[in-house]
Amino acid sequence: MSRLTLALAVALGCHAFARGAEATGTLSVPADPEKTPIAEGYRFQQPYQGTFRLSDRYHLRHSGVTVYDLTFPSPLPSDVPENNTVYAEYFVPSGPGKFPAVVVLDIMQGNQRIARGEATWLAQNGVAALVVVLPHYNQRRAPDSKAKLVSTNIPRTLTGIRQGVMDCRCALAWLAGRDEVDADRLGMVGTSLGSFLTALTSANEPRVKNVCMVLGGGGLVDAYYDHPKGQDVRKALDAVGGKGLVKRLIAPVDPLTYAPRLKDKNLLMIAATNDDVVPAKAATALWEATGKQRIVWLEAGHVSAGLYSMSILRELRGHFQIK
């Protein structure tokens with residue numbers, strides 16, 4: 001168990017009992033109006049409609065938080081049948097609402113432990129939270145498959161990220177239709193890999209008002225091209241066009257591309273000064289491009305930022321409770 005996972009478990013006290021009822025309904029997302037500032041690749045060209053299923057998962061007795069399982073069809077199907085159902089866990093605070101609500105996205109490891117811990121904490125503090133499983137993770141991965149959302153297969157990576165953004169837009173539409181949710185106080189929070197999808201979705205989803213990116217950044221090619229761990233990949237890329245080509249290919253999934261659209265959001269960034277995965281200069285580049293809103297620097301690396309888990313959780317609570 002990682003230090004961050006252990007800290008979250010101790011802080012949140014996750015004792016639960018199982019439950020079982022199931023409900024179904026229709027999730028509808030209208031086509032995006034032509035003049036709405038949404039990138040072409042992340043736009044609903046046609047209305048989406050799918051059947052969602054919501055079932056009881058468990059009740060956290062010591063906090064009053066109730067957790068549900070949610071599934072719905074992905075609006076952008078892939079060639080992997082297992083990947084075409086979106087799975088999510090919905091953490092609901094006790095009481096009648098209306099609650100602010102957020103979509104929560106996990107790290108690249110993808111076991112959802114950090115995302116679940118953040119969602120539980122937020123729900124304990126009056127913020128409904130929906131943990132969405134990204135494409136090619138967990139239940140969305142074919143048996144015996146080693147496919148990942150992010151890989152050196154650039155076309156598949158770009159398609160998977162686009163699918164993840166569209167899935168999250170559907171998830172936000174679902175939250176907006178819930179009786180217990182204040183549709184005017186929707187947000188997103190993502191950590192590491194999840195922070196990049198959070199930036200892309202938030203910049204292209206008008207419903208999102210409050211955004212938090214933990215250990216994320218922008219200007220990906222400039223940040224990573226000379227990274228020591230990318231030496232082998234860099235040689236291959238130099239042989240087919242180099243840095244300029246990669247920038248053009250990556251632009252649709254680089255948060256920096258959409259930075260102007262994040263200036264109007266209530267944005268919080270949490271970054272690590274010695275991050276060896278998402279370099280500090282990538283966080284700085286995105287912070288500057290999004291209007292120099294609030295940024296919290298941790299004196300840590302990417303993994304050791306977990307030692308600041310309670311500080312991060314307190315920042316999330318304050319950010320998403322704002323009216």
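About 30 Å³ of space lies in the largest cavity here, and the structure holds 1 cavity of 30 Å³ or more. A cavity is a set of points, on a 1 Å grid over the protein atoms alone, where a 1.4 Å probe fits but cannot get out. Its volume is the space filled by probe spheres set on the points, which are joined across faces, edges and corners. Keep in mind that this is a predicted model, where local features need pLDDT of at least 70, side-chain atom pairs count only at pLDDT 80 or more, and totals for chains, interfaces and linings use all residues. Residues are numbered from 1 along each chain as its sequence is written, and side-chain values use heavy atoms, with hydrogens and water left out.

So who lines that space? You'll find D106, I107, G110, Q112, V132, L134 and Y137 around the largest cavity, each with an atom within 4 Å of a point. Sorted by class, the lining has 4 nonpolar, 2 polar and 1 charged residues.

Now follow V132 into the largest nonpolar core, which has 66 residues. Such a core is a set of buried Ala, Val, Leu, Ile, Met, Phe, Trp, Tyr and Cys residues joined through side-chain atoms within 4.5 Å, and buried means under 20% relative accessible area (1.4 Å probe, protein chains only). Y42, F72, V103, L130, V132, W174 and L175 touch the most other members. Helix α3, residues 154–176, gives the most to this core, with 10 residues; helices are DSSP runs of H or I, at least four residues, numbered from the N terminus. Apart from this core lies another, of 29 residues, among them V65, V102, V131 and L313. Leaving aside neighbours within four places in sequence, V132 is in contact (heavy atoms within 4.5 Å) with residues including V86, V103, Q112 and C168.

What about disulfides, meaning pairs of cysteine sulfur atoms within 2.5 Å? A search of the whole structure finds 0. C170 is in no disulfide, and the nearest cysteine sulfur, that of C168, is 9.5 Å away. C170 is buried, with a relative accessible area of 0%, and C212 is buried with a value of 0% as well.

Finally, take a look at the backbone. Most residues other than glycine have a negative phi. N138 has a positive phi of about 50° although it is not a glycine, and D144 has one of about 65°. N138 is found in the loop between β7 (128–132) and α3, and D144 sits in the loop between β7 and α3; strands like β7 are DSSP runs of E, at least two residues.

Key:
1 Å grid on protein atoms, 1.4 Å probe; cavity = no way out; pocket = protein on both sides within 12 Å on 5 of 7 lines; lining within 4 Å. Nonpolar A, V, L, I, M, F, W, Y, C, P; charged D, E, K, R; others polar. Disulfide = S-S within 2.5 Å. Buried < 20%, exposed > 50% of the residue type's maximum accessible area, 1.4 Å probe, protein only.
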